[in-house]
Amino acid sequence: MPGDCHYLEGNANAKRRIEHIRALLGQIGLEPDRVRMYNLSSAMASQFVAITQEMAENIRTLGKNPLRNHNAPISKLESGK
Amino acid sequence: MIVAEQKPLSEIKTLIGSAEKVLVVGCGTCVTVCFAGGAREAAIVAASLRMSTKLDGNGKQVSDVTVQRQCEWEYLDQIGDQLKEVDVVLSLGCGIGVQAIAERFPDTWVVPGLNTAFLGLPTEQGVWDERCAACGDCILGLTGGICPIARCSKSLLNGPCGGSENGHCEINPEVPCAWQLIYDRLSKMGKLEVLMDIQPPKNWRTARDGGPRKIVREDLRLPAEEE
């Protein structure tokens, strides 16, 4: 949780980096909301389920990743190839 | 170090224009340690360009390579063959790196991916501050090791001016007054008498005002080939 990370300031660092990634996605032309960060502890199972469902619904709303060849096997999904 | 920051992706795409094959060239020196144009940033910019141009409907072939220093021929020569295979080179070096590529490879179209900002140092993680203006006639020996040329907004030689307030500059309350810093340091070191000498106007011919600068060291030059 914020201020109570097992890795001390780890989740605070991650939060800033996620904001950077979201800005980068926006510059690229993808929806920044494809990446979100939530703070959870290992004892918050019900919240984890709720957040997972929320994120799944968010992705359904945004649609499939337009950059991905959805018919390609996973090993061929490297961008630009 | 030379401190730079990346241009927005939209500007980079405009600079690349209609080129199909793009090579992003990172630099392993100054811009690596200021996180603007090293190998990691070159890979991120290349991936961003691949994704963004694909979304635009005109996916480009974008690859990346990083050399130890873009400002020396011997390192650039190592990627000479790669440069010939692309339509445009996006240099993530400083302005020197961009020009070095243009000069060494006259047939290569090269554009800048960075804005070269200043000569400075990281004062804390993620923060860089200007320290040197490369004026060509260093006066740090007169000012306790604090440069009024780079750090005083007016580059005063006999400061501070009336805009110094509570140790800060009138242009921005977050900018320390260089002359306050100089006074405090000299005072702490018991060398305030240094400030009793009035400095005459500076000879700016060694700075940019004298046009492009050049240093020739005869002791280091290779002997001219005899005909």
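First, the conventions. Residues are numbered from 1 along each chain as its sequence is written, and chains are lettered from A and ligands numbered from 1 in the order in which they are written. As the model is predicted, local features need pLDDT of at least 70 and side-chain atom pairs count only at pLDDT 80 or more, while totals for chains, interfaces and linings use all residues.

Chain A has two helices and zero strands. Here helices (H or I, at least four residues) and strands (E, at least two) are DSSP runs, numbered from the N terminus. Of its 81 residues, 1% count as buried. Buried means that 20 or more other C-beta atoms lie within 10 Å of the residue's own; exposed means 12 or fewer, and partly exposed is in between, with C-beta atoms placed from the backbone.

Now the sheet in chain B. It is an open sheet of four strands in the order β3-β2-β4-β5, with parallel pairing. Two strands pair if DSSP finds at least two bridges between them. β3 (61-67) and β5 (110-112) of chain B are at the edges with a single partner strand each, so one side of each has no neighbour in the sheet. From one strand to the next, the twist averages 25°. Strand β2 (residues 21-27) of chain B pairs with β3(B) over seven bridges, and B:C27 has B:V67 in β3(B) as its bridge partner. On this sheet packs α3(B), which touches β2 and β3 of chain B and makes about 175° with the direction of β3(B). Angles run from 0 to 180 degrees between N-to-C directions, and axes are lines fitted to C-alpha atoms, for helices over the stretch in contact.

How do the chains meet? The contact takes eight residues from chain A and 10 residues from chain B. Contact means that two C-beta atoms, placed from the backbone, lie within 7 Å.

Helix α1 (residues 10-28) of chain A packs with helix α3 (residues 39-56) of chain B at about 45°, their axes 8 Å apart. α1(A) and α3(B) are therefore oblique to each other; under 35 degrees would be roughly parallel, over 145 roughly antiparallel, 65 to 115 roughly perpendicular, and the rest is oblique. A:L24, A:Q27 and A:I28 in α1(A) meet B:S48, B:M51 and B:S52 in α3(B).

Last, B:D209, in the segment after α8 (178-188) of chain B. Is B:D209 buried or exposed? B:D209 counts as exposed, because it has 11 C-beta neighbours inside 10 Å.
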